[in-house]
Amino acid sequence: MNWIIIALLFLVCVFIGYIFSLKYRKRYNFFRSLVLLCQKLDVEINYSRERLKNLFLNFDDKTKRNLQGLDKNFLEYLENNKSLEEGNLFKNINFLKQNEKDMIFVFFKSLGRSDLDNQSKELKNYEKRFEELSSLATTENKKYGTLSIKLGVVAGLMIVILLC
Amino acid sequence: MLKNILPDNIYEIISERISFNAINEIRMRADKPIVLAIGLQRFFLSERGTTGNLKEAMSASKIMLEDIIFRASECSIYSVNEQIKKGFIVTNEGVRIGIGGDMIEENGHIKTMTNFNSINIRIPHEVKNCSLPVFPMILEEDTLLNTLVLSPPGAGKTTFLRDFICQLSERNYAFNVLVLDERGEFDINNGKSLGNYSDKISFARKKVGFENGIRALSPNLIVTDELGDEEDVEAVRYCANCGVNILASAHCDSIESFLKKPSFKKLIDEKIFKRYVLLSMRKGAGTIEGVYNENFSRLGRY
C-alpha cells in the first residue's frame, strides 16, 4: 500500500512539472501559429483578396487550436459592430506578457485597414516580429519547459527517497 | 440593411423614426450635418428623426466616416481597393457608397484613396413593375429591341433595369440574361431581384465583361449600367455585332443633351439602339418621360 502511495506522489510531482512546462509549449505553438497566420493571410490576400472573416473561418484546425481562441475572439469583433478591445481579444489567454499583448493587439487592429500593398508589407513586417518572439519561445520551451519536467521528476524522486 | 455599417445610434434613429424605405441617400461629410434625401427633399438627421433646423442636426466625424468605410468593406479595405480607386464601394447588400477623399497617385496611376472626408450612401429600392409601362414598346413579337435608358443621376436607371430583368423572368421570357454589374449594385436581394434566367459578371470593365460573357455564357440579352466612354461604346458595338441584344443605361437629362454627347455618336449614327427610354425625377425617381425610337421620334408620353 505504501509503495502505491509513494508511486502516486511521484506521479503527482511529475504531473505538476508537466503542467508548468505546458505554458512554455503553448507559447511556442502560439507564436509559431501567428507566424503561419501572417504567411497565410499574405498569400490569400494577394491571391484571392478574400475578406478577413472568410479567411479566419477557413483556417485549419491545428492553427486555430494553437491560437488558443484568439481567432474566435477576433471573429467575434468582425461579426459585431463594435470596436476592438484588448480585453476581448485576449479573453481566456493568460500566458502572454503585456508587451507581447500590445504588439499582437496592434497587429490585429491594423488588419484590413489598408490597401493591398500596405497590408502585405505590414503582414511581412509582423511575420518577422512574430518569428523573433517564436524563436524566443522556442528557447524558453527548450530551457524552462524541459526544466519543469526534470524538476518534477527530481522532486518526485526526493519524496520517494524521503519516504523510503 | 446597413445595420453592420452605420453607427448604432444613427441606425436606430433611421430605422425607428424614419425608415430606410423612405430614404434615397444618406450624405455624411466630416464635421458637417448628416443630410438625408427623402424623395425630392433634403433633411438633416437629428436625435428625433429629421429636422430642418441646423442646430438640431447630428454631425458626422472623420473617424465615423472611416469606420463606415471599414465596416462596409467587411473589415477588409484591401479587398475593395479597386473600387475605392474608382471612388465608391458596394456592400454585399448592393448598397453603393460614394467616397470623397484624397487620391494617391503613383507613376501616373491611382494607387488608393485616403483621408476620407465625405460619403454618399445610396440606398437601393425595388420599385415593383416600374418598367412595365414600356414593356410593349421594347419587346416586339417576343424579341427584345436594343434599348438605352437615359436619366440624370439618382433618377432610377438601375431600379428600372433591375425591374425589367425581373419582369422578363416573371413573364417567362426565357432569355438568357447576362447582367454585367460593373459596380456590383444590381443584386440587392441575394440573386432574387435578378430573376431565374440571369447570369452575373461583377466588377469587370464593360469591354472585358462583354467579351468574356458572350464567349462563356452565350447570352441572348446583356444588361449593363452607365455607359460612358468610348470603350463602353465599342463594347456595345461588339455586342450588337455578335447578335446579342442590349439593355443599357447612360447619364443624361434629355434627348437633346444625349444627342450632343460625342462618345455616343457612333451608336446613334449606326442606330444600334432601337429604343430610348427617358427617365426623370419629376414625380419621384423612375418617372418615365417618354420612349423614343432610333430616329428619336417619341413613341409614348407618360
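1. Two residues are in contact here if their C-beta atoms, placed from the backbone, lie within 7 Å. On that criterion, 12 residues of chain B are in contact with 14 residues of chain A. The model is a predicted one.

2. Five of its residues are polar, four are nonpolar and three are charged.

3. Overall dimensions of chain B come next. The C-alpha trace spans about 55 × 45 × 40 Å along the principal axes of the chain.

4. Among the contacts in chain B with a separation of 6 or more, 59% are between residues 24 or more positions apart.

5. The secondary structure of chain B consists of 17 strands and nine helices.

6. Strand β2 of chain B covers residues 35–38 and strand β3 of chain B covers residues 41–46; they run antiparallel and are joined by four bridges. Ile38(B) is placed opposite Gln41(B), which belongs to β3(B). The two strands make a hairpin with two residues between them, and in the turn Gly39(B) has a positive phi of about 60 degrees.

7. β3(B) also pairs with strand β4 of chain B, residues 49–51, again in the antiparallel sense, with three bridges. Ser46(B) has Gly49(B) in β4(B) as its bridge partner. The link from β3(B) to β4(B) is a hairpin through two residues. β3(B) therefore has a strand partner in β2(B) and another in β4(B), on the definition that two strands pair if DSSP finds at least two bridges between them.

8. What are the domain bounds in chain B? The domain assignment gives domain 1 as residues 8–122 and domain 2 as residues 132–301. The centres of domain 1 and domain 2 of chain B, taken over C-alpha atoms, are 28 Å apart.

9. How many residues does each domain of chain B bring to the contact between them? Domain 1 of chain B supplies eight residues and domain 2 of chain B supplies 10 residues. On the domain 1 side of chain B, the residues that touch domain 2 are three polar, three nonpolar and two charged.

Technical notes. Residues are numbered from 1 along each chain as its sequence is written. Chains are lettered from A and ligands numbered from 1 in the order in which they are written. This is a predicted model: local features need pLDDT of at least 70, side-chain atom pairs count only at pLDDT 80 or more; totals for chains, interfaces and linings use all residues. Domain bounds come from an automatic or database domain assignment. Ala, Val, Leu, Ile, Met, Phe, Trp, Tyr, Cys and Pro count as nonpolar, Asp, Glu, Lys and Arg as charged, and the others, Gly among them, as polar.
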